[in-house]
Amino acid sequence: MVDVQAAVTAELDRIAPVVDELGERFAAAGHELHLVGGPVRDAMLGRRSNDLDFTTSARPEVSERILRAWGDAWWDMGRDFGTIGARLGEWVVEVTTYRSEAYDPDSRKPDVEYGDSLAGDLGRRDFTVNAMAVKVPGRELEDPFGGVVDLATGVLRTPGRPEDSFSDDPLRMMRAARFAAQLGFTVAPEVVAAMTAMADRIEIISAERVRDELVKLISAPQPRLGLELLVETGLADRVLPELPALKLERDEHHRHKDVYDHTLTVLEQSIDLEARLGEDGGPDFVSRFAALMHDVGKPKTRRFLDDGTVTFHHHDVVGAKLTRKRMRALRFSNDVTDAVCSLVELHLRFHGYGTGEWTDSAVRRYVRDAGDQLARLHVLTRADCTTRNRRKAQRLARTYDDLEARIERLEAEEELASLRPDLDGNQIMEILGIGPGREVGEAYKFLLELRLDNGPMSTEDATAALRGWWAERG
C-alpha cells in the first residue's frame, strides 16, 4: 500500500496552483470548497490526474461566476445536477453544489436537492472510498465514513445502508462491480446482499447509463472480478443476460470447463494480447467485448448427438445476431456494434485452416472479410485457445503464426489491405460500352472474386476476362 500521507501531500503539492487559487476565490465569495471523490481516492493510491472534482456550499450560479473569471473555458451541461465545469490550460475542473439525490420508484432520472453541509454531501456518495474530501485552501482531510481504512484494506462499502444508497441511485450497484474491476477490491458482504436483493431496480436506469458503466467495467484492469459479481448478484440477468446464460453450457472442445468460465478466460487472454493492437497496449473495448460475446450463440445451438458428443453448429452466426441485438438495446454506436459483431461472426474461421491447407485465395478472403478488424481477429482467435494441453496449444499457435506470415507475405506482394479489382468502374463502363447502373456493380463483383481467386492480373488479362464474362451473359 502506498504511504497515504506522503502520496496525498505530493499530489496536493502538484495541484496546489489550481486548488489553492480556486479555494481562495470561493472563500472570498463566502463559500467552502473541497476537493472530493475520485481525485482524493486516487491521490491516496499514488495516482495522478488533471481532472479535478470539487464540492461547494455555493449555488451553481455563484460557481459559474467564479469559474468564468478563472478559466479559459467553462460549461454548464451539468447545471441540472448542480455542476459547473471549467478548463484552464491542461486542468479540467468540475464544481458541484452540496446535494442529495433520490430516485422516484418509477423514474429514470434523479431528483436533485441542494444541501447545506459537507457531511450531508459525503453521506450521499456511492462508496466510502469516494466519500473523502480535502478542504482547499488548508488541506484538512474530511473522512467521516472511514474511507481511508477501507482504501487501505481494499474493501468497498457504502457510507450508510447499501439499500438506501442503491435505492437513491440503482446504477451504484453496477459501479460496485466496476470499482471491483478497477481497483481489485473486495465488495463487502452486506453490499453484495443488497445488490442481489435489489437487482431488478437497475431496470429503471437508462440504457445509455448502463452501457457507459459496462464499458468502464470491461475496460478496467480486472474485468473478470466485476463481471463475476454482476452474474453472482443477478444484475447480469438484467443488463447482459447472454453472459449468465453461458454458465450451464459445456464447451465441446474443453468439457472440463463450462462455456462461462471459458469465456472469461478468453477475455483475460485477449487483454494479455492487447499490445498487438497498438503502442499503448490497451484497453481496447471492442476487442474485449468481442471476447466476452464470442460464444453467446452456444446456448441456442447446442445439440446432443447419439454418441454423447455435443455440437454448437453455426453458433458464430447466431452469436453475432444476439450480440447485435444486445448492443442495440444498450444504445452502442453502429460502428462499435458492427466491429464487435464482425469479430464474433468470424471467430471460428481460422479453424478451417487446418495445418495450412488454405489456398492463397482463401487467405485473401480471410483478410477481405476481416477488413479493418484483422488485427483484433488475430487477438481473438489466439485468445480463444484455452486448452490445458500444452502440445495442442503450441500447435495451434504455430499454425496461426503460419497464417499471419502468409498474410504478411501476400500483403507485401498484393496490398491486401486495399484489395480491389484490377479494373475500376470507369474502365468497366468504357470496355463494355455501358453507362452507370446495376451491370457495372455486377461486373465489379465478378472482377473482385477473380482477384481474390487469382491474385493481381494485368490490365489485358482482366479486360479479356471481363469481356468473356459479359459475352456469357448474352
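Predicted model: local features only at pLDDT ≥ 70, side-chain atom pairs only at ≥ 80, totals over all residues.
**Figure 1. Packing of helix H7 against helix H10.** Two packed helices are described by the angle between their axes and the distance between the axes. For helix H7 (residues 171–183) and helix H10 (residues 223–233), the angle is about 150° and the axes are 6 Å apart. H7 is therefore roughly antiparallel to H10, a term applied to angles over 145 degrees. The crossing of the two helices, H7 and H10, is right-handed. On the H7 side, Met174, Ala176, Ala177, Ala180 and Ala181 make the contact, while H10 contributes Pro223, Leu225, Gly226, Leu229 and Leu230. By class, the residues of this contact of H7 with H10 comprise nine nonpolar, one polar and no charged.

**Figure 2. Crossing of helix H8 with helix H10.** The axes of helix H8 (residues 189–197) and H10 cross at roughly 55° and come within 8 Å. H8 and H10 are therefore oblique to each other. From H8, the residues Val192, Met195 and Thr196 meet Leu229, Glu232 and Thr233 of H10. Three nonpolar, two polar and one charged residues make up the contact of H8 with H10. Leu229 of H10 takes part here and is also listed in the contact with H7.

**Figure 3. Threonine 97 in strand E5.** Threonine 97 belongs to strand E5 (residues 91–97). Its relative accessibility is 0%, so threonine 97 counts as buried. When neighbours within four places in sequence are left aside, threonine 97 is in contact with Thr55, Thr56, Ala58, Arg59, Pro60, Gly82, Tyr114 and Asp121.

**Figure 4. Arginine 364 in helix H17.** Arginine 364 is placed in helix H17 (residues 360–370). With a relative accessibility of 4%, arginine 364 counts as buried. Between arginine 364 and alanine 320 there are 44 residues of separation along the chain, and their C-alpha atoms are separated by 22 Å.

**Figure 5. The buried face of helix H20.** Within helix H20 (residues 425–432), the residues Ile428, Met429, Ile431 and Leu432 are buried. Viewed down the axis of H20, the buried residues fall within an arc of 165°, so they line one face of the helix. Asn426 and Glu430, on the other side of H20, are exposed. The cover over the buried residues of H20 includes helix H21 (438–454) and helix H22 (459–472).

**Figure 6. The chain as the setting of the close-up views.** The chain contains 22 helices and 13 strands. Its C-alpha trace spans about 85 × 60 × 45 Å along the principal axes. Of the 474 residues, 50% count as buried. Among contacts in the chain with a separation of 6 or more, 66% are accounted for by residues 24 or more positions apart.

How values were computed. Residues numbered from 1 in each chain as written. Heavy atoms only, no water. Axes fitted to C-alpha atoms, helices over the stretch in contact; angles between N-to-C directions. Helix = DSSP H or I, 4+ residues; strand = E, 2+ residues; numbered from the N terminus. Parallel < 35°, antiparallel > 145°, perpendicular 65-115°, else oblique. Left-handed = near helix turned anticlockwise from the far one by under 90°. Contact = heavy atoms within 4.5 Å. Nonpolar A, V, L, I, M, F, W, Y, C, P; charged D, E, K, R; others polar. Buried < 20%, exposed > 50% of the residue type's maximum accessible area, 1.4 Å probe, protein only. Arc of directions from axis to C-beta.
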